[in-house]
Amino acid sequence: MHLRIVEHLLVASANFSWSVENNNVEFGVLIDNPNFTETVERELHEAERVLYERVQSP
């Protein structure tokens, strides 16, 4: 996974299925604060090694 945030941060649920597109109401918040988004990007990058496990393909 690679994450790159420029100026905006979108926090939302993201499910991709027929029922989501046709039945659910999704909610998201767009945060327009470059300093905050930079902080979130840095924190996620630093946490990446403990959040994800690299696996070898067979």
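The accessible surface of the protein comes to about 5600 Å², and 54% of that belongs to carbon and sulfur atoms; such areas come from the Shrake-Rupley method with a 1.4 Å probe, and for residues only the protein chains shown count as cover. This is a predicted model, in which local features need pLDDT of at least 70, side-chain atom pairs count only at pLDDT 80 or more, and totals for chains, interfaces and linings use all residues. Residues are numbered from 1 along each chain as its sequence is written, and side-chain values use heavy atoms, with hydrogens and water left out.

As to confidence, the mean pLDDT (the predictor's confidence in each residue, from 0 to 100) is 79, and 86% of the residues reach 70 or more. Helix α1, residues 18-23, has the lowest confidence, at a mean of 77, while α2 has the highest, at 87.

The elements run β-α-β-α from the N terminus. Helices (H or I, at least four residues) and strands (E, at least two) are DSSP runs, numbered from the N terminus.

Of the 58 residues, 10% count as buried, meaning under 20% relative accessible area, with exposed over 50% and partly exposed in between (1.4 Å probe, protein chains only). T37 and H8 stand 29 residues apart in sequence, yet 6.3 Å apart in space, C-alpha to C-alpha.

Y52, by contrast, lies in the segment after α2 and counts as partly exposed because its relative accessibility is 46%.
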